[in-house]
Amino acid sequence: MKRELIKLPYRPDELQPVIGKNTVDCHHGKHLQAYVNNLNNLVAGTPFEEADLETIVRASDGALFNNAGQVLNHELYFTQFAPGGAPLQEGKLRDALVATFGTFDDFRARFEAEGVALFGSGWVWLAADAAGRLSIVKEPNAGNPVTKQLRPLLGFDVWEHAYYLDYQNRRADHLKALWAIVDWKAVQARY
Ligand code: MN
């Protein structure tokens with residue numbers, strides 16, 4: 001099975017000014033496409049050829065882990081945004097965020113701080129365990145909480161390719177701005 005690049009649920013210019021069109025074009029069309037191509041080449045003729053992404057990520061290491069992880073990560077990433085965002089509704093995710101982090105604003109501040117504190121390239125995730133308990137998980141490089149038996153709900157990419165064209169070295173400004181385009185309806189559906 002040849003894996004295809006996911007289609008974006010918005011036009012590449014529709015996340016502006018939070019994420020510029022050039023960043024979306026390059027991040028989706030070049031970086032993610034390269035991970036998809038690498039993954040297709042790596043699994044060809046192996047038992048992983050028909051496996052789903054989470055299975056590959058949990059069972060692999062090295063180049064296969066890196067490329068499968070980055071395909072999984074970016075599929076979650078690009079489908080959690082919408083032009084103008086969508087607010088977090090009342091419900092079990094909001095209740096769990098408030099119970100775990102204090103207020104919704106406290107959660108967002110913690111999440112941003114963890115993303116800023118991550119050294120080098122990687123991801124900051126909001127994740128849930130099997131009982132629905134929430135945590136913020138920092139992962140280096142291609143890491144995803146599925147390797148810790150956690151379900152990823154929301155992920156901010158802190159690789160420089162995610163923000164450098166728009167924000168240069170100002171990762172904190174980029175992470176703070178991302179809230180304006182988070183589609184909480186999509187995030188809630190993962191919980
Ligand atoms: Mn990326």
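In the predicted model, Leu-97 is in contact (heavy atoms within 4.5 Å) with Leu-88, Gly-102, Phe-104, Phe-107, Leu-126, Leu-134 and Trp-184, residues up to four places away in sequence not being counted. Residues are numbered from 1 along each chain as its sequence is written, and side-chain values rest on heavy atoms, with hydrogens and water left out. Because the model is predicted, local features require pLDDT of at least 70 and side-chain atom pairs count only at pLDDT 80 or more, whereas totals for chains, interfaces and linings use all residues.

Leu-97 is also among the residues with the most contacts inside the largest nonpolar core, together with Phe-107, Leu-134, Leu-154 and Trp-184; this core has 61 residues. A nonpolar core is here a set of buried Ala, Val, Leu, Ile, Met, Phe, Trp, Tyr and Cys residues joined through side-chain atoms within 4.5 Å; buried denotes under 20% relative accessible area, exposed over 50%, and partly exposed in between, with a 1.4 Å probe and protein chains only. Helix H3 (residues 62-78) gives the most to this core, with eight residues. Domain 1 (21-78) and domain 2 (92-190) both contribute residues, so the core lies between them; the domain bounds come from an automatic or database domain assignment.

Three strands form an open antiparallel sheet in the order S2-S1-S3. Helices (H or I, at least four residues) and strands (E, at least two) are DSSP runs numbered from the N terminus, and two strands pair if DSSP finds at least two bridges between them. Strand S2 (134-140) and strand S3 (151-157) each have a single partner strand and stand at the edges, so one side of each lacks a neighbour in the sheet. Neighbouring strands are turned by 25 degrees against each other on average, direction ignored. Strand S1 (residues 122-128) is joined to S3 by six bridges, and Ala-128 stands opposite Arg-151 in S3. Helix H4 (residues 92-101) lies across S1, S2 and S3, at about 80 degrees to S2; axes are lines fitted to C-alpha atoms, for helices over the stretch in contact, and angles run from 0 to 180 degrees between N-to-C directions.

Six of the seven residues of S3 are buried. The manganese ion is coordinated by His-27 (NE2), His-74 (NE2), Asp-157 (OD) and His-161 (NE2), at 2.0 to 2.1 Å. Asp-157 counts as buried because its relative accessibility is 0%.

Definitions and conventions:
Donors are N, O and S atoms within 2.8 Å of the metal (3.2 Å for Na, K and Ca); water is not among the atoms, so sites may look incomplete.
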